[in-house]
Amino acid sequence: MQTYDLEANGLRGLNETLHAQSGATNQTAWEVVNPKGSHAIAVGLDAPIEVTVKGSTGYYCAGMNQQATIRVEGSAGPGAAENMMSGTVIIDGDASQYAGATGHGGLLVIKGNASSRCGISMKGIDIVVHGNIGHMSAFMAQAGNLVVCGDAGDALGDSLYEARLFVRGSVKSLGADCIEKELRPEHIEILKDLLGRAGADAKPEEFKRYGSARQLYNFDVDNAAAY
Amino acid sequence: MSDNNIPRTVPIQSATFTNEINAEIRRAAATGIYDIRGGGAKRKVPHFDDLLFLGASVSRYPLEGYREKCDTSVLLGTRFAKNPIKLDIPITIAGMSFGALSGPAKEALGRGASMAGTSTTTGDGGMTQEERGHSTQLVYQYLPSRYGMNPNDLRKADAIEIVVGQGAKPGGGGMLLGQKISDRVAEMRTLPKGIDQRSSCRHPDWTGPDDLEIKILELREITNGRIPIYVKIAGARPYFDTTLAIKAGADVVVLDGMQGGTAATQDVFIEHVGQPTLACIRPAVQALQDLGMHRKVQLVISGGIRTGADVAKAMALGADAVSIGTAAMIAIGDNDPKWESEYQKLGSTTGAYDDWHEGMDPAGITTQNPELMKRVDPVDAGRRLRNYLKVMTLEAQTIARACGHNHLHNLEPEDLCALTMEAAAMARVPLAGTDWYPGKAGF
Ligand SMILES: Cc1cc2nc3c(=O)[nH]c(=O)nc-3n(C[C@H](O)[C@H](O)[C@H](O)COP(=O)(O)O)c2cc1C
């Protein structure tokens, strides 16, 4: 285990060191101490290493992650794991706005609650939130799965494309063009897999599925109010 | 006396309800949807044509046309980046998305720009091999939609351009209608084929200048501070937006005035939102100067640049470089008279064709139709773009030498006068024949 003191050694050195790790490295486990809410911790990684951040982070922790497993032993500021491509990011606490925004792949697990716009414009990432999510989550979400074990706030899935949304609790309101859909056996399989990987104690059958009604895909003047 | 002899009024067309306006009212009434089109503002606004260079005189001697050097090189991104962009000429190719443009058109832009020693820019829709492969220097746009955005491409880029706004539509997002969402475009954007795609107008994970600063930090961390980070703004509030971009840590500010082209947006947006390019330059330069950053953070101006004279005028007003979209498209064959009969069939004519969103471009540039795309020969079109860029550079050099400058950057506002009061006020250079411009103190 390598330990990096962020307060003492600075952000630049941390990211530079982590970027220098390749698939062949034997220094696979890293610990970042004294994060103290710093921004851009462990961004742009591209190696199968494990990074544990011992505390809470600021904006964009684990941004654009590829391959790495990054765990935050605290809460994460806005844009955690934004545009993630692959790998796993686990937030032990809560996540602020835009968690997993535009992510293309990989798994983001939020053990606490996620704020507004969780999964905004997601493009293939899987997100599992153990708690609740805030308003406008999955806005314009294009692909991937968003699993919420708690409740969802207002305007869930507004202007949704092809992402799948699963919510166990209540949904305050659905956004434009987002509707409840049948939970079929293939969805149960997806949920089983994701809940298992995210360590979430919930049964797939308890979830409801939401998706796009696909009514806004091509402009129609009679839908103008929804645009 | 017969009735025929009574003098009659002649039919008078309204200056308010013009034929064009009336046609639009009828079109709107018939379809229920606003007019969407490509290109920039078509209305006449004060522009570089309203400025003139003074040339040399007794107090300023000129440089010899072909013998005395007039440098045209420019470095972009000298503030923070380890590897600034070094261009031979101060004219870059603006961001135009793959999706809006065909693959061969993107390749042509890359070839032409590289031969001329300048950079190209990706666009909404990600980086294509055609473009990366043929561009020696490629700027990677970071847009609200984040279509095709991935860190591998980010690391392959020579600079990053965070797009906050576009002159054609400050406050508006991209638009790509179903006809142009081919399999390849759909895959790059992670969207179903054939849908009308509207990109968001705001970034999904930041709002405001404080967040922008952190976003720039993140991008710089990911790329290890190697490459410059540009911020592209529309000509909305050029003084404040330039100030905020500089404070947020931009290496380069790209400022796009209202004549700037777009691939597709609402006509009402193109014609009625944003300020003319001419009106944006001095406030932006003022912002740079007020922060002691002029020439340290470079300013790239776009929106209606067509000739070497435009290049020289933008630079005289304080820009470090310019960027072209529409002119580059024309150089590679857009709106060419040789397709006139086909433009007619589409209800348009050479020079006016702007239904780029429909994907039926006879010139094969703004289309994803495989047959039409073949009309662009990337090698030949690239050569024409190279020629055009060279001509513009020669023109700008001609002017700079005549004004006695050995580098295009040495052009200055004192080399200019204005033909109209409006241009004098916007460019803050004297009205021709006077030493006065509106707003100048002491009058
Ligand atoms: C076909 C086309 C596509 C464009 N696509 C983009 C884009 O994806 N992103 C962007 O920031 N600007 C885009 N623009 C705007 C240009 O980057 C640039 O600001 C503008 O074209 C400059 O004005 P000019 O056309 O008068 O030279 C596009 C312009 C055109 C003509």
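Student: Which atoms of B:Lys232 lie 2.8 Å from an oxygen atom of the ligand?
Tutor: That is an N or O atom in the side chain of B:Lys232. A polar contact here is a pair of N or O atoms within 3.5 Å; within protein, one must be able to donate a hydrogen and the other to accept it, and residues adjacent in sequence count only if both atoms are side-chain atoms. Keep in mind that this is a predicted model: local features need pLDDT of at least 70, side-chain atom pairs count only at pLDDT 80 or more, and totals for chains, interfaces and linings use all residues. Residues are numbered from 1 along each chain as its sequence is written, chains are lettered from A and ligands numbered from 1 in the order in which they are written, and side-chain values use heavy atoms, with hydrogens and water left out.

Student: What about B:Gly95 and B:Gly261, how far are they from a ligand oxygen?
Tutor: With B:Gly95, a backbone N or O atom lies 2.7 Å from an oxygen atom of the ligand. For B:Gly261, a backbone N or O atom is 3.1 Å from a ligand oxygen.

Student: And how much of the ligand does the protein bury?
Tutor: The protein buries 98% of the 600 Å² that the ligand exposes when taken alone (areas by the Shrake-Rupley method with a 1.4 Å probe).

Student: How many residues surround the ligand?
Tutor: There are 26, each with a heavy atom within 4 Å of the ligand. B:Asp256 and B:Thr326 are among the closest. By class, that shell has nine nonpolar, 14 polar and three charged residues, with Gly counted as polar.

Student: New topic: how many residues does each chain bring to the contact?
Tutor: Chain A brings 35 residues and chain B 38, where contact means heavy atoms within 4.5 Å. The two chains bury about 3,100 Å² between them, 56% of it on carbon and sulfur atoms; that is accessible area (1.4 Å probe) lost on being put together, summed over both. On chain A, the residues losing the most area to chain B are A:Tyr60, A:Met64 and A:Phe219, together 20% of what that side buries.

Student: How many salt bridges are there across the interface?
Tutor: The rule finds four, a salt bridge being a side-chain nitrogen of Lys or Arg within 4 Å of a carboxyl oxygen of Asp or Glu. One of them joins A:Glu82 and B:Arg146, with the closest N and O atoms 3.7 Å apart.
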